[in-house]
Amino acid sequence: MPDRGPATRQCLDLLMALEHQARREKGRVVALLGNHEVMNMIGDLRYVSAADYHSFATDQSQERREREYRDYRKFVAGHDPARHPNILPDDDASRTKWMAEHPLGFFERRDAFGPRGVYGRWVRKHPAMAKVGDGLFMHGGLNPAIEPLNIGALNRRVREEIAAFDDLWEALVAKRVIWKYMTWAEATAWVQEEWAEIQARGQVEDPEAARDMLRLLEMPRWLINSPDGPLWYRGLALEPEENLKAPLESALSRLGVRYLVAGHTVRPKFDITPRFDHHVFLIDTGMLKETYGGRASALEILNGKFTAYYLGEQPQELSAPGTKSPTAEEAGK
């Protein structure tokens with residue numbers, strides 16, 4: 001839900017409200033983690049728009065930003081500039097650059113996605129994948145080769161890695177290895193420079209801090225960041241079906257599901273796309289029009305019937321799982 005557009009808060013507020021409304025009506029909304037929820041939790045802010053930052057600003061934001069700038073200058077003053085060549089001097093030009101990189105609302109947004117923030121607490125309670133009836137739902141996709149191929153185990157691993165990141169970040173901040181509001185890119189670059197210095201000296205002064213620095217640098221290989229994990233995997237959307245058909249059928253059988261629904265990869269024609277004989281439904285239709293040019297859509301699954309809905313168009317009934325997709329020759333007839 002977060003990023004690229006201006007309305008992260010409105011999107012998340014809507015989902016949170018729908019959860020409560022559904023429970024009152026004896027229904028259920030199952031919100032799942034996607035890669036951008038995790039990116040915002042760990043400070044990977046590459047896709048946050050200026051308007052989105054602004055939506056978090058308050059009448060105290062200017063004062064807050066000045067206070068954080070002073071804290072940042074205090075932090076960098078305690079580090080060797082020879083080790084960190086990107087440290088900016090404390091002059092007007094550097095201050096202006098820093099302020100531009102930390103617009104009003106930046107710190108409020110970071111806090112909101114932190115472990116004690118309103119959205120951070122909420123997203124940390126949610127799974128990466130959910131089995132509903134005989135279907136399996138997730139944001140990215142299921143790599144049939146991933147281990148362990150178990151819904152509960154994969155969800156636990158995602159939760160544990162997020163919790164491990166929170167502890168790791170807090171520990172590195174407490175030891176003043178990194179500054180609390182660094183982005184993910186800034187923190188990893190900073191730690192790499194610190195680690196290079198440790199290697200050059202051949203001596204570790206704080207083994208615990210050194211261990212934590214290594215763990216941070218290993219994070220790209222964690223499941224929550226892995227291109228093979230359920231938040232990022234694109235194979236079901238991009239790989240030729242013959243490469244994955246047999247292992248996918250085996251994986252679905254092991255998991256006790258008939259079909260899988262995933263988003264993440266925008267469809268070229270902005271349509272809900274069945275693959276693998278309708279055992280996989282890809283539902284990212286690029287509905288953030290300003291970015292992708294797509295359209296709003298929904299897949300309804302009701303009493304074994306699959307229906308694609310598009311804003312302002314007639315519903316389209318889709319074939320059920322196990323129905324072979326037409327060949328190119330058949331589709332052209």
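Predicted model: local features only at pLDDT ≥ 70, side-chain atom pairs only at ≥ 80, totals over all residues.
Which residues in α4 are buried?

**Entry 1: helix α4.** I located α4 at residues 61-77 and noted that this helix has 17 residues. From its first C-alpha to its last I found a reach of 24 Å, close to the 24 Å expected at 1.5 Å a residue. I then looked up burial and listed Ser61, Arg64, Arg65, Glu68, Tyr69, Tyr72, Arg73, Phe75 and Val76 as the buried residues of α4. An α-helix has 3.6 residues a turn, so residues three or four places apart point the same way. I next traced what the buried residues of α4 pack against, and recorded α5 (92-101), α6 (106-112) and α9 (184-201).

**Entry 2: helices α2 and α8.** I turned to α2 (residues 35-42) and α8 (residues 151-174), whose axes come within 11 Å and cross at roughly 15°. Angles under 35 degrees count as roughly parallel, and α2 and α8 are therefore roughly parallel to each other. I noted that α2 passes α8 in a right-handed crossing. For the side of α2, I wrote down Val38, Met41 and Ile42, which meet Ile162, Phe165 and Trp169 in α8.

**Entry 3: a sheet.** I found an open sheet of three strands in the order β6-β7-β8, paired in the antiparallel sense. β6 (297-302) and β8 (316-318) each have a single partner strand and stand at the edges, so one side of each is left without a neighbour in the sheet. I recorded an average twist of 25° from one strand to the next. Between β7 (residues 305-310) and β8 I noted three bridges. Thr307 stands opposite Glu317 in β8.

Terms used: Residues numbered from 1 in each chain as written. Heavy atoms only, no water. Pairing = 2+ DSSP bridges. Helix = DSSP H or I, 4+ residues; strand = E, 2+ residues; numbered from the N terminus. Axes fitted to C-alpha atoms, helices over the stretch in contact; angles between N-to-C directions. Expected span 1.5 Å × (residues − 1). Buried < 20%, exposed > 50% of the residue type's maximum accessible area, 1.4 Å probe, protein only. Contact = heavy atoms within 4.5 Å. Parallel < 35°, antiparallel > 145°, perpendicular 65-115°, else oblique. Left-handed = near helix turned anticlockwise from the far one by under 90°.
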